[in-house]
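Dear colleague,

Please find below the structure we spoke about handing over. My notes on what was found in it follow directly after.

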Amino acid sequence: MLDVAAPPAKPATRRARAVLLSPWSRLGLLAALLTGSAIAVLLWQPQRLLTHGWPELSGATAVVLFTAAYGVGTAALVPRPLLNLAAGALFGIQAGLVTAVGGTVIGAGIAFGLGRLLGQDALRPLLRGRWLTAADRQLSHHGFRSMLAIRLFPGVPFAAANYCAAVSRMGWPSFLLATGLGSVPNTAAYVVAGSRATTPTSPVFLLAMAFITVPAVAGALVAWRKRGRLRPAGPGECLGQDATAGETPPSA
């Protein structure tokens with residue numbers, strides 16, 4: 001039998017499709033998803049994990065399910081400190097840390113993918129000005145080390161870092177690997193604190209809280225002193241070049 005060619009789409013259909021798939025329509029969808037996620041978090045109250053616990057599951061099944069729930073929850077803007085504390089309280093230090101770091105990478109990957117698919121095309125043309133262009137240049141051309149520093153640096157909002165990285169031209173491997181490695185210290189502190197939450201006066205709990213607090217204060221001071229490092233590229237400087245060294249840095 002002869003193949004019958006499909007009739008061409010009507011102009012109105014093509015226009016509607018173009019509008020629905022346009023960068024700004026996709027950005028609007030992303031904004032709607034994030035808004036819905038924030039509302040869901042407020043209604044669900046994830047802090048109940050710390051008071052009501054996790055369903056009666058045990059072993060590897062509980063770890064896998066919590067890791068998946070952690071990843072989805074993180075992408076849906078559930079605060080990571082709450083999830084880290086819950087991981088420590090439910091599974092102890094070792095299994096809790098594995099669960100929390102795994103969920104962190106999953107959640108960051110979901111957010112990165114959504115940001116790149118739905119937000120990058122609309123937001124990249126808006127990267128103008130001193131701070132935005134410098135940050136984009138750093139993330140795009142020093143992906144791994146930039147994201148590793150962001151994850152190690154206390155106080156940087158996790159979701160904001162995910163979507164900023166998605167708007168840049170950072171690669172997936174650099175983003176995921178740096179997220180996994182850089183999230184370990186801070187995550188471990190919360191997991192340890194969660195595992196010892198029933199004994200808040202114990203040395204282990206107090207040490208964990210100190211590890212959370214002191215780097216945050218130190219990081220804020222360092223950020224204030226180093227704020228002048230973000231500057232626009234000078235005349236004739238190629239995008240991705242290090243202004244101080246005058247040479248193109250290797251891709252991370």
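This is a predicted model, and its mean pLDDT is 81, with 74% of the residues of the protein reaching 70 or more. Confidence is lowest in helix 1 (residues 11-20), where the mean is 64, whereas helix 9 (residues 172-182) has the highest value, at 96. Please take particular care with residues 235-252, over which the pLDDT is below 50, although in the model this stretch has 26 contacts beyond near neighbours in sequence. Where pLDDT is low, the predicted coordinates should not be read in detail.

Turning to the surface, Val72 belongs to helix 4 (residues 59-75), and this residue counts as exposed because its relative accessibility is 52%, where the cut-off for exposed is over 50%. Together with Ile106 and Ile110, Val72 makes a nonpolar surface patch of about 230 Å².

The phi of Leu77 is near 75°, which is a positive value in a residue other than glycine. As for its side of the surface question, Leu77 counts as partly exposed, because its relative accessibility is 30% and that class runs between the 20% cut-off for buried and the 50% cut-off for exposed.

With best regards

How values were computed. Residues numbered from 1 in each chain as written. Predicted model: local features only at pLDDT ≥ 70, side-chain atom pairs only at ≥ 80, totals over all residues. Heavy atoms only, no water. pLDDT = per-residue confidence, 0-100. Helix = DSSP H or I, 4+ residues; strand = E, 2+ residues; numbered from the N terminus. Contact = heavy atoms within 4.5 Å. Buried < 20%, exposed > 50% of the residue type's maximum accessible area, 1.4 Å probe, protein only. Patch = residues over 30% accessible without salt bridge, like charges linked within 9 Å, V, L, I, M, F, W, Y side chains within 5 Å. Areas by Shrake-Rupley, 256 points an atom, 1.4 Å probe, with all protein chains shown as cover. Salt bridge = Lys/Arg side-chain N within 4 Å of Asp/Glu carboxyl O.
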